[in-house]
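Biologist: Can you walk me through this model? I'd like to start with the pockets.

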Amino acid sequence: MKAISAIGIGAAVACVLMSAMMEGTQIPAFINIPAMMLVFGGTLGVTMAGTSMDQIKLVPKLYKLAFGPPEYNLRERVALLVKFAEMARREGLLALDDELQNVEDEFTRKGMQLVVDGTDPELVAQILEIELEAMAGRHTKGVEPFEKAGGFGPTLGITGTVMGLIHVLENLSQPSTLGPAISGAFIATLYGVGSANIVFLPVANKLKFLSSLEMELGYLTIEGILAIQAGDNPRVVESKLLSYVAPEARGAEGEAEAATSAASEPAAAAA
């Protein structure tokens with residue numbers, strides 16, 4: 001489900017607010033503009049200080065990615081590569097040249113184009129692995145602002161609480177104002193801890209998860225491209241690539257291929 005992150009964060013916020021209301025707290029009591037400025041503005045500032053402007057500019061795009069991620073369908077990628085393997089075996093690698101223009105995924109198109117151009121297999125693998133490593137590096141930089149905000153947020157919240165308590169201690173001569181002032185002081189901690197654990201860190205974890213899915217798809221693609229270049233039988237290519245796919249996502253045909261492959265491996269080893 002694409003919206004699982006938004007649903008999860010929404011559910012967490014709703015649970016927090018409902019628990020507060022059940023204890024008799026009014027929602028407007030959570031609104032404190034100075035605390036918002038200190039915690040959210042301060043968190044943004046120190047996060048900018050610890051990263052770069054290019055990383056900060058990507059934050060809105062990464063929120064959109066986390067809340068509406070693309071589908072990384074391993075089974076569809078296996079089917080595409082098996083189709084290429086069948087064409088290559090039947091008509092030769094050069095027959096794939098025109099077909100590649102219709103491939104949307106740039107990584108797959110680049111790898112297959114290298115194969116069609118007759119690039120050495122070791123060089124193809126090296127180029128594609130470097131591409132994946134560079135992609136992983138970009139993903140790590142994309143996650144950094146969220147992790148840093150998740151770390152700084154609670155600290156800024158505690159800073160706001162300390163500042164509020166200092167203000168309370170300065171006005172001990174006015175007992176009637178102590179209650180609201182103390183309550184307001186702790187709202188800063190609530191903002192800091194809540195934003196870190198309900199938004200920043202869950203989004204960072206979701207981006208890491210999406211990165212792992214894309215990396216897995218990339219390694220599957222490399223394996224398939226090299227198998228096609230080696231001239232492997234399409235059924236062998238499919239059996240090999242299905243190892244990357246969870247059993248429940250393989251389908252009946254895929255399960256049969258995987259079972260056949262698993263049965264043939266011990267026999268081959270014994271021979």
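Modeller: First, the term: on a 1 Å grid over the protein atoms alone, a pocket is an open set of points where a 1.4 Å probe fits, with protein on both sides within 12 Å along at least five of seven lines, and lining residues have an atom within 4 Å of a point. This is a predicted model, where local features need pLDDT of at least 70, side-chain atom pairs count only at pLDDT 80 or more, and totals for chains, interfaces and linings use all residues. Residues are numbered from 1 along each chain as its sequence is written, and side-chain values use heavy atoms, with hydrogens and water left out.

Biologist: OK. Which residues lie nearest the centre of the largest pocket?

Modeller: Arg77, Glu104, Asp105, Glu106 and Leu217, out of 23 lining residues. Helix α5 gives the most to that lining, with five residues. Helices here are DSSP runs (H or I, at least four residues), numbered from the N terminus.

Biologist: How does that lining divide by class?

Modeller: Nine nonpolar, three polar and eleven charged. Ala, Val, Leu, Ile, Met, Phe, Trp, Tyr, Cys and Pro count as nonpolar, Asp, Glu, Lys and Arg as charged, and the others, Gly among them, as polar.

Biologist: Switching to Leu207. Where is it, and is it buried or exposed?

Modeller: Leu207 is in helix α9. It counts as buried because its relative accessibility is 6%, and the cut-off for buried is under 20% relative accessible area (exposed is over 50%, partly exposed in between, with a 1.4 Å probe and protein chains only).

Biologist: What is Leu207 in contact with?

Modeller: Leaving aside neighbours within four places in sequence, Leu62, Leu65, Ala66, Gly142, Val143 and Phe146. Contact means heavy atoms within 4.5 Å.

Biologist: And Gln229, what does it touch?

Modeller: Val115, Thr119, Asp120, Pro121 and Val124, not counting residues up to four places away in sequence. Gln229 is also in α9, and it is buried because its relative accessible area is 17%.

Biologist: Last topic. Which residues touch the most other members of the largest nonpolar core?

Modeller: Val78, Leu81, Phe84, Leu96, Met112, Ile225 and Ile228, of 31 residues. Such a core is a set of buried Ala, Val, Leu, Ile, Met, Phe, Trp, Tyr and Cys residues joined through side-chain atoms within 4.5 Å. The largest share of this core, eight residues, comes from α5.

Note on methods:
Helix = DSSP H or I, 4+ residues; strand = E, 2+ residues; numbered from the N terminus.
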